[in-house]
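Work through the exercises below with the sequence and the 3D structure at hand. Try each task before reading its solution.

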Amino acid sequence: MSTLRELKTRIGSVSSSEKITGAMKMISSAKVHKFENALKQLLPYRNQIKSIMGHLLDADGNYSSPLIEERGEVHAVSIVVFGSDDGLCGAYNINIFKQVLILINQLRDKYGNSLRITLFPVGKRMAKACAKIAHDNISIEVPESVNSKMLPAVVNQFTLSLQQAYIDARFDEVHVVYMNFISLSRQRVAHEKLFPVQASELTGNEARANANKPYIFEPDANRIFNEILPMFVLSTMQELTIQNQASEQAARIMAMQSANDNAKKLLDSLQLEYNKLRQQSITTELLDILGGQVEQ
């Protein structure tokens, strides 16, 4: 049976843990709001780019770009896998990694088992998980400065390196697996094909509404298209990165809330046991005192 001193120590330890998880939850909540604001600021820029692309495509011009060209045969594919550098975020990394395994199987079914796959894990936790499946046809590359906390400038640099690798035919397709941030209590694992850029992703609703309006493009429409397309890709990667960062913090909030609730339950249980043991100790002492008085 536990002594009063042992129970008191355990109660103090659990109480401290409860305070720590509560503080971590508050920090993650502040970070989620920060990333939500970043998404709101990025949205008008993204919509404007899609609107311009939509106007260009609706003009029925002839457009050519290495970023939209489908490869006749696919021999090598890269997958950017977003994850976290830190733990304490529940099943966040596990769920993303499961989607990576599903995507790998889908790509092999489509292009054959000889397909060469290069994984670009973002975050130490994801890099550790991806290393477990590395073999002859699956390689791992961890670019310098690329992590789950990377700044927008690093995101752009990383995206441009992937773009150049696709243009140089090092990869025939580039995919991204990330966690889509829907709300504070809801995140969903998602998959996007970054290269080749899909035409369906380029058109905006505003452009479709004004499809019949004539436009004069200066310089020619194809040059504008090739200037805007890389900007669209960069904005896409920025959005996916922010969504992933917001999802990580949202998952950490849920994990800290669960840990906090468990700590409260354990604290109540220990406090009850402590009170019972203390009451038992007081009763025993009283009986000893009464017994001594009777003997006298």
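**Exercise 1: A strand pair**

A hairpin joins S4 to S5 through 2 residues. Find the sense in which S4 and S5 pair, and the residue of S5 that stands opposite Asn-180.

Solution. The model is a predicted one.
Step 1. Strands S4 and S5 run antiparallel to each other, and their pairing extends over 9 bridges.
Step 2. Opposite Asn-180 stands Arg-188, which belongs to S5.

**Exercise 2: Confidence**

State where confidence in the protein chain is lowest and where it is highest.

Solution. 
Step 1. Begin with the whole chain: the mean pLDDT is 86, and 92% of the residues reach 70 or more.
Step 2. Helix H5 (residues 205–209) has the lowest confidence, with a mean of 48.
Step 3. The highest confidence is found in S1, at 97.

**Exercise 3: Aromatic pairs**

Classify the ring pair Tyr-63 and Phe-225, then the ring pair Phe-120 and Phe-171.

Solution. A pair of aromatic rings is described by two values, the distance of the centres and the angle of the planes.
Step 1. The structure contains 4 aromatic pairs.
Step 2. In the pair of Tyr-63 and Phe-225, the ring centres are 5.0 Å apart and the planes stand at 35°, so this pair is tilted.
Step 3. Now place the two residues. Tyr-63 is in the loop between helix H1 (4–58) and strand S1 (76–82), while Phe-225 is in helix H6 (residues 221–295), so the pair ties together parts 162 residues apart in sequence.
Step 4. Check burial, for which the cut-off is under 20% relative accessible area. Tyr-63 has 17% and counts as buried; Phe-225, with 1%, is buried too.
Step 5. For Phe-120 and Phe-171 the centres are 6.0 Å apart and the planes are at 90°, so this pair is edge-to-face.
Step 6. This pair also links distant parts of the chain, 51 residues apart: Phe-120 is in strand S2 (residues 116–122), and Phe-171 is in the loop between helix H4 (152–167) and strand S4 (173–183).
Step 7. Both residues are buried: Phe-120 has a relative accessibility of 4% and Phe-171 has 2%.
Step 8. Phe-120 and Phe-171 also belong to a cluster linked by ring pairs, together with Phe-158.

**Exercise 4: The largest nonpolar core**

Which element gives the most residues to the largest nonpolar core?

Solution. 
Step 1. The largest nonpolar core has 34 residues, and the members that touch the most others are Val-80, Leu-162, Phe-195 and Met-237.
Step 2. At least two residues of this core come from each of H1, S1, S2, H4, S4, strand S5 (186–195) and H6.
Step 3. H6 gives the most, with 9 residues.
Step 4. Look at Phe-195 in detail. Beyond four places in sequence, its contacts include Leu-67, Leu-162, Tyr-166 and Val-233.

**Exercise 5: The surroundings of Ala-165**

Decide whether Ala-165 is buried or exposed, and name its contacts beyond four places in sequence.

Solution. 
Step 1. Ala-165 is located in helix H4.
Step 2. Its relative accessible area is 11%, so Ala-165 is buried.
Step 3. Leaving aside neighbours within four places in sequence, Ala-165 is in contact with Arg-170 and Phe-171.
Step 4. Compare sequence with space: Ala-165 and Ser-78 are 87 residues apart in sequence, and their C-alpha atoms are 9.7 Å apart.

How values were computed
Residues numbered from 1 in each chain as written. Predicted model: local features only at pLDDT ≥ 70, side-chain atom pairs only at ≥ 80, totals over all residues. Heavy atoms only, no water. Phe/Tyr/Trp six-rings, centres within 6.5 Å; stacked < 30°, edge-to-face > 60°. Helix = DSSP H or I, 4+ residues; strand = E, 2+ residues; numbered from the N terminus. Buried < 20%, exposed > 50% of the residue type's maximum accessible area, 1.4 Å probe, protein only. Core = buried A, V, L, I, M, F, W, Y, C linked by side-chain atoms within 4.5 Å. Contact = heavy atoms within 4.5 Å. pLDDT = per-residue confidence, 0-100. Pairing = 2+ DSSP bridges.
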